[in-house]
Amino acid sequence: MKLAEVKEILDLEPLVPGNDDLEIVTACGADLMSDVLAFSQEKSLLLTGLTNPQVVRTAEMIDIKVIIFVRGKRPPEETVQLARKKGIYLYLAKKPLFECCGLLYEKGLKPEKINRLDLEE
Amino acid sequence: MKEQLILEKAIEKGDFNSGGEVSSKLKELLRKLGVRSEVIRKAAIVTYELEMNVIIHSEGGGIRVTIAPEGIILYVEDTGPGIPDLKKAFQPGYSTASDEVREMGFGAGMGLNNVKRYSDNLDIKTGPGEATRIRAVINLS
């Protein structure tokens, strides 16, 4: 799925706009940063209700390219500035997390595969 | 090739704004050294979680990163107050973090589990009232 399609499905407002042709392969939705970090596979999109700069840091660590802040929560300026510096794209969605995830899933965007290590635990 | 220091930085207690700077810098360095992206990601996650732990839980400390034939080696040390029950600290969901920390999406009791998951070798020396010393290795291949 292209970023342009994600933008259309969720009616996103750009905060730090990215390239519409960017391919979004997998996504995850979480408000716990350690949950995001628990899966090391490269993913492209994070949906979250948190807006502090640590969200951008977390994305940076695992090469997430796009962050969508859900239910209209606008991030503070520090978060936007850090994202610009790190080349991470930010968008704002009015809908809540569950609905955003559901809409993208319905249109064919799938979660990443959970790696073997996690299944063993 | 013997063990070579590539990064060293002090970490201050409660300095949330700087949280992630060490791991960000390390990512950049490892990329320049031509390390595989999967290995970089593992090292970044381990460094980030440990860095946040020093900021959140300790009186302050520091981190040193070296590169050796064995892999990327992280040495994280603080000046206390130590982890009273290490077994508990490894229980998923167990946390002693404040509400302020939780509001940032941390302190959910998964940090050390992530550190263990992505380290190929992990050694923690700690105890009540003691400094905590951690050595984590991420293999290069």
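Biologist: How are α1(A) and α5(A) oriented to each other?
Modeller: This is a predicted model. In it, α1(A) and α5(A) are oblique to each other, because their packing angle is about 130° and angles count as roughly antiparallel when over 145 degrees. Helix α1 covers residues 3-10 of chain A and helix α5 covers residues 97-106 of chain A, with their axes 10 Å apart.

Biologist: And which hand does the crossing of α1(A) and α5(A) have?
Modeller: The crossing of α1(A) and α5(A) is right-handed.

Biologist: Which residues of α1(A) and α5(A) meet?
Modeller: From α1(A), Val6(A), Ile9(A) and Leu10(A) meet Cys100(A), Leu103(A) and Leu104(A) of α5(A). The contact of α1(A) with α5(A) consists of 6 nonpolar residues, with no polar and no charged ones.

Biologist: Turning to chain B, how are α1(B) and α2(B) oriented to each other?
Modeller: Helices α1(B), residues 21-32, and α2(B), residues 37-57, cross at roughly 160°, and they are therefore roughly antiparallel to each other. Their axes come within 8 Å. The crossing of α1(B) and α2(B) is right-handed.

Biologist: What makes the contact of α1(B) with α2(B)?
Modeller: On α1(B), the contact is made by Glu21(B), Val22(B), Ser23(B), Leu26(B), Lys27(B), Leu30(B) and Arg31(B). On α2(B), the residues are Ile40(B), Ala43(B), Ala44(B), Thr47(B), Tyr48(B) and Glu51(B). By class, the contact of α1(B) with α2(B) has 7 nonpolar, 2 polar and 4 charged residues.

Biologist: Which helix of chain A packs with α2(B), and at what angle?
Modeller: Helix α3 of chain A, residues 53-61, packs with α2(B) at an angle of about 150°, and the axes are 9 Å apart. That makes α3(A) roughly antiparallel to α2(B). Gln54(A), Arg57(A), Thr58(A) and Met61(A) of α3(A) make the contact with Arg41(B), Ala44(B), Tyr48(B) and Met52(B) of α2(B). The contact of α3(A) with α2(B) divides into 4 nonpolar, 2 polar and 2 charged residues.

Biologist: On to aromatic rings. How many aromatic pairs does the structure hold?
Modeller: The structure holds 1 aromatic pair over all chains. The pair is formed by Tyr48(B) and Phe106(B) and is edge-to-face, with 5.8 Å centre to centre and 85° between the planes.

Biologist: Where do Tyr48(B) and Phe106(B) lie in the chain?
Modeller: Tyr48(B) is in helix α2 of chain B, while Phe106(B) is in the loop between α4 (99-103) and α5 (111-118) of chain B. The pair links distant parts of the chain, 58 residues apart.

Biologist: Buried or exposed, for Tyr48(B) and Phe106(B)?
Modeller: Both Tyr48(B) and Phe106(B) are buried.

Biologist: Now the backbone. Cis or trans, for the peptide bond from Gly80(B) to Pro81(B)?
Modeller: That bond from Gly80(B) to Pro81(B) is cis, with omega near 10°. Pro81(B) sits in the loop between β3 (71-78) and α3 (86-89) of chain B.

Biologist: What about the phi of Asp11(A)?
Modeller: Asp11(A) has a positive phi of about 50° although it is not a glycine. Asp11(A) belongs to the loop between α1 and β1 (13-16) of chain A, and Asp11(A) is exposed, with a relative accessible area of 57%.

Biologist: And the phi of Arg71(A), what is that?
Modeller: Arg71(A), not a glycine either, has a positive phi of about 35°. Its place is the loop between β4 (66-69) and α4 (77-86) of chain A. Arg71(A) counts as partly exposed, at 44% relative accessibility.

Key:
Residues numbered from 1 in each chain as written. Chains lettered and ligands numbered in written order. Predicted model: local features only at pLDDT ≥ 70, side-chain atom pairs only at ≥ 80, totals over all residues. Heavy atoms only, no water. Axes fitted to C-alpha atoms, helices over the stretch in contact; angles between N-to-C directions. Helix = DSSP H or I, 4+ residues; strand = E, 2+ residues; numbered from the N terminus. Parallel < 35°, antiparallel > 145°, perpendicular 65-115°, else oblique. Left-handed = near helix turned anticlockwise from the far one by under 90°. Contact = heavy atoms within 4.5 Å. Nonpolar A, V, L, I, M, F, W, Y, C, P; charged D, E, K, R; others polar. Phe/Tyr/Trp six-rings, centres within 6.5 Å; stacked < 30°, edge-to-face > 60°. Buried < 20%, exposed > 50% of the residue type's maximum accessible area, 1.4 Å probe, protein only.
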